[in-house]
Amino acid sequence: MLGADVDVAIIGGGPAGSSCASYLAKAGLKCVVLERELFPRLHVGESLVPSTTRVLRDIGFLDRMDEAGFVRKFGAVWTAPADNAPLYSVDFDGMELECQANIRFEERPQPGVDKNYTWHVDRGKFDLLMLQHAHQLGAAVYEGVRVSDVDFSDPKLPRINFMLGRKTMSLTANMIVDASGRQTLLGNQLKLKKMDQVFNQYALHTWFEGYDRTALAKTKTFEDYIYIHFLPVTNTWLWQIPITDTVTSIGVVTQKKNFEKSKESRENFFWDCIRTRPELYEGLKKSQQVRGLKEEGDYSYGMSEINGDGFALIGDAARFVDPIFSSGVSIALTSAKFISEDIVKAAEKGDFRKDSFETFRSTMRCGTNHWYEFISLYYRLNVLFTYFINQKQHRLDVLKLLQGDMYEPEKPRVLDEMRKIVTEVERRENHPWHKLLGDLTSDTFRATY
């Protein structure tokens with residue numbers, strides 16, 4: 001198609017934008033990335049899942065991951081407060097439970113994934129390396145560029161307007177990809193954004209030097225796993241993510257209403273939550289906090305549409321759900337893969353209308369809706385997850401979701417099984433697990449776009 005300055009203009013240079021640019025540059029398309037920040041910059045979302053390996057291999061980035069020295073992640077561990085031990089030990093169906101569950105990624109072979117590990121990453125370093133890689137493959141990359149809006153008055157030739165220093169500039173593209181993250185530039189401009197009234201989550205997070213990560217590990221093998229620690233506060237949990245051999249990321253995620261009820265400072269609230277797990281509190285108090293406390297609010301949202309004539313939204317610009325299973329970067333990279341495949345086909349036909357991206361839209365819809373239902377059930381009854389991950393007949397189905405393999409049209413059968421038990425526990429007020437139910441209900445799941 002003649003007349004456009006570039007084939008594709010990408011708003012945002014985070015993992016979604018940089019991986020999309022890498023795919024398109026490798027395919028020979030002329031693309032530009034416009035990033036408002038100057039990298040490296042701080043960012044949350046520091047733990048990957050195995051499905052990202054496929055994308056990193058596709059774009060030729062796998063070797064850089066180990067060269068960069070990122071901590072290898074072989075699995076995940078979930079822990080519950082010791083006070084709940086009697087409840088977690090209840091025999092629901094011939095199965096005794098424990099207060100701790102763990103999985104190893106190598107338990108389930110994944111097509112296209114030949115490593116038994118993924119990585120924990122310093123996002124400042126990881127995002128910078130990914131953006132540099134896109135540039136090395138041929139994408140034009142501009143940092144410190146603030147995009148103001150996209151003009152769709154000519155639907156066949158959208159124009160992206162931006163500020164470069166104090167100068168107002170613009171360029172045209174056959175296709176606009178919004179990878180602006182939680183700024184959701186096109187979602188806001190086109191009024192597509194829908195806030196999630198169920199997962200109104202809030203996060204406080206920081207880094208610690210010298211924290212003993214073996215404190216709650218059953219064996220030293222689990223030292224560098226990601227840990228999800230349940231807190232005895234409704235719908236509240238804590239992440240523990242290794243960043244280096246000595247630095248650990250710690251974050252508390254809770255419903256915003258829990259924070260709003262407190263008149264204490266953010267710092268006090270953060271420590272009060274951690275204090276509910278004394279073993280964690282003692283360990284962190286012995287270590288050194290090396291970053292200021294940072295907050296993330298308005299956590300979850302979706303879009304009424306994620307693509308249209310001449311545009312698509314990927315990564316956090318399209319959808320963000322509570323990150324309890326490290327889904328953020330995985331969804332970002334996977335959505336970049338799917339949209340890039342459709343864009344290459346659209347460019348060959350010279351047709352960038354909405355229907356050209358139906359494979360991208362339908363695939364992402366299936367995956368994110370399966371994921372949303374999984375998280376909804378998880379928050380309703382945390383112990384249910386421990387129950388299913390420890391049952392042989394369901395373990396691999398749950399692990400498949402945790403590995404990031406959730407984009408098949410058919411809903412995973414384990415979700416229906418989980419829903420049946422949640423509904424039964426809701427119905428029976430005398431059930432031992434009834435008192436562990438979270439605020440959510442079993443019918444909170446809603447399809448998006």
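The model is predicted, so local features need pLDDT of at least 70 and side-chain atom pairs count only at pLDDT 80 or more, while totals for chains, interfaces and linings use all residues. Residues are numbered from 1 along each chain as its sequence is written, and side-chain values use heavy atoms, with hydrogens and water left out.

**Salt bridges**

- A salt bridge here is a side-chain nitrogen of Lys or Arg within 4 Å of a carboxyl oxygen of Asp or Glu; the count is 30.
- Aspartate 127 and arginine 41 form one of these, with their closest N and O atoms 2.5 Å apart. Aspartate 127 belongs to helix 5 (residues 123–137) and arginine 41 to the loop between strand 2 (31–35) and helix 2 (52–58), so the pair ties together parts that are 86 residues apart in sequence. Helices (H or I, at least four residues) and strands (E, at least two) are DSSP runs, numbered from the N terminus.
- Both aspartate 127 and arginine 41 are buried. Buried means under 20% relative accessible area, exposed over 50%, and partly exposed in between (1.4 Å probe, protein chains only).
- Lysine 337 pairs with aspartate 58 at 2.9 Å, N to O. Aspartate 58 is partly exposed, at 29% relative accessible area.
- Glutamate 305 and lysine 354 meet in a salt bridge of 3.3 Å, N to O. Glutamate 305 sits in the loop between strand 18 (301–303) and strand 19 (307–308), and lysine 354 in the loop between helix 10 and helix 11 (358–380), 49 residues apart.
- Glutamate 305 is partly exposed, with a relative accessible area of 28%, and lysine 354 is partly exposed at 31%.
- A network of salt bridges links Arg104, Glu106, Glu107 and Arg395.

**Helix 11**

**Nonpolar cores**

- A nonpolar core is a set of buried Ala, Val, Leu, Ile, Met, Phe, Trp, Tyr and Cys residues joined through side-chain atoms within 4.5 Å.
- The largest has 104 residues, and Trp78, Phe325, Ile343 and Phe374 have the most contacts inside it. Helix 11 gives the most to this core, with 9 residues.
- Phenylalanine 374 is in contact (heavy atoms within 4.5 Å) with residues including Phe325, Phe385 and Met418, not counting residues up to four places away in sequence.
- Another core, of 19 residues, lies apart from the largest one and includes Phe208, Phe269, Trp271 and Ile274.
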